[in-house]
Amino acid sequence: MDLSNSPQIITMTAKDFQKWSSNFMVETMKATGVKQAVDKITAPIWSWGQRNAIYPLEFGIACCSLEFAAAYGPRWDMERLGMIPRSSPRQADVLLIMGWLSAKLRPSLRRLYEQMPEPKWVIAMGECAISGGPWYDGYNVIQGLDTIVPVDIYIPGCPPRPEALIDGMLKLNRKITAEQKGSFLD
Ligand code: SF4
């Protein structure tokens with residue numbers, strides 16, 4: 001490594017040097033084409049891991065969340081598909097919203113979404129989350145989750161049965177396969 005082009009590293013703290021050297025490596029790999037080659041090989045592996053270990057953050061506000069609970073009971077047992085609910089946005093990659101959304105919830109919901117690490121996806125389960133449902137014209141009801149955060153999968157029904165939730169999750173699985181988001185060196 002030729003350090004004559006980067007005299008500032010002599011005065012760096014250990015933390016700054018770590019960041020600088022990491023960026024330097026990535027830039028070098030980008031410039032030489034190594035990054036593209038590594039990403040091409042690792043993207044399918046990342047995608048495989050992401051789609052087979054989906055950790056949803058359940059945000060259940062109303063009756064649809066009972067169907068979510070049923071889906072994790074012994075009859076449907078969604079955990080067997082690698083979908084394990086989390087209670088922290090930092091540990092989740094799917095935001096799963098059920099129930100009608102009031103205007104007062106908008107900032108909290110947006111904050112939850114922003115606290116989730118990339119890559120992340122959003123599912124709207126039930127008519128209320130999709131469009132406001134039976135209360136769509138309520139003075140304080142938001143007409144659709146997609147007015148707050150981008151939605152990837154819509155699961156219609158009032159309420160959707162556990163089979164519909166599993167079907168929605170499998171659709172997300174196919175979407176993740178097609179997108180192959182994220183890469184080893186980002
Ligand atoms: S879609 Fe139907 S079941 Fe689900 S929260 Fe709304 S009213 Fe309840």
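Helices (H or I, at least four residues) and strands (E, at least two) are DSSP runs here, numbered from the N terminus. This is a predicted model, where local features need pLDDT of at least 70 and side-chain atom pairs count only at pLDDT 80 or more, while totals for chains, interfaces and linings use all residues. Residues are numbered from 1 along each chain as its sequence is written, and side-chain values use heavy atoms, with hydrogens and water left out.

Let's start at Cys 63, which sits in the loop between strand 1 (56-60) and helix 3 (64-71). From there to Leu 105 is 42 residues in sequence and 17 Å in space, C-alpha to C-alpha. Cys 63 counts as exposed because its relative accessibility is 52% (exposed is over 50%, buried under 20%, partly exposed in between, using a 1.4 Å probe and protein chains only). Cys 158 is exposed too, at 60%.

Both cysteines turn up around the ligand, in a shell that also includes Cys 64, Cys 128, Glu 127 and Trp 135; a residue gets in if one of its heavy atoms lies within 4 Å. By class, that shell holds 7 nonpolar, 2 polar and 1 charged residues, with Cys counted as nonpolar, Glu as charged and Gly as polar. What about disulfides? A search of the whole structure finds 0, taking a disulfide as a pair of cysteine sulfur atoms within 2.5 Å.

Now for the helices. The axes of helix 2 (residues 34-51) and helix 6 (residues 162-179) come within 9 Å and cross at roughly 165°. Helix 2 and helix 6 are therefore roughly antiparallel, a label for angles over 145 degrees.

Methods:
Axes are lines fitted to C-alpha atoms, for helices over the stretch in contact, and angles run from 0 to 180 degrees between N-to-C directions. Angles under 35 degrees count as roughly parallel, over 145 as roughly antiparallel, 65 to 115 as roughly perpendicular and the rest as oblique.
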